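The entries are in the order in which I made them.

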Amino acid sequence: MAPVLIIFAVVTVLCLAIPTVLSRWSIDAQVLLVGNLILFIATLVSFVFYRRSLGNNHAPYFMRMIYSAMFTKMAICIFTAFIYIVTYKKEVSKGAIFACMFLYFVYTFVELAVVLKLSKEKKNA
């Protein structure tokens, strides 16, 4: 889980340290900061599902937990984006939305890498 914490910390520091650079790229640093926090929390929630799936050898349970994790994370992100877009309408930072989409893929990739590593360690133990 350490790589996810590192990503969260790096993005948070960047949002706080260089907001003017981000604004030149049409990225609202505050929106990206909140998006990063929500993605971090969503990743932690989905990681709980992944951990549960690793503790059970029953294939249908494993698949149910994997799909639940993916759906939960995606639902949290879509719901949050919808609320942001409906609330701010024309003042929406499209750059921040695309940056958050990129972060979604980064968090998901790193999360799956951690889960695969844990899965291999469990099989070898």
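Predicted model: local features only at pLDDT ≥ 70, side-chain atom pairs only at ≥ 80, totals over all residues.

Residues are numbered from 1 along each chain as its sequence is written, and side-chain values use heavy atoms, with hydrogens and water left out.

I looked up aromatic pairs (ring centres of Phe, Tyr or the six-membered ring of Trp within 6.5 Å; planes under 30 degrees apart are stacked, over 60 edge-to-face, the rest tilted) and found 3. F8 and F40 are stacked, because their ring centres are 4.4 Å apart and their planes stand at 25°. This pair links distant parts of the chain, 32 residues apart: F8 is in helix 1 (residues 2-17) and F40 in helix 3 (residues 29-54). Helices here are DSSP runs of H or I, at least four residues, numbered from the N terminus.

I checked burial next (buried is under 20% relative accessible area, exposed over 50%, partly exposed in between, with a 1.4 Å probe and protein chains only). F40 is buried at 11%.

Y104 and F105 form an edge-to-face pair, with 5.7 Å between centres and 80° between planes. Y104 is buried at 17%, whereas F105 is exposed at 56%.

I then looked for charges over rings (NZ of Lys or CZ of Arg within 6 Å of the ring centre and within 35 degrees of the ring normal). K73 lies over the face of Y104, 5.3 Å from the ring centre.

My last entry is I6, which is in helix 1 and exposed at 53%.

Technical notes:
Helix = DSSP H or I, 4+ residues; strand = E, 2+ residues; numbered from the N terminus.
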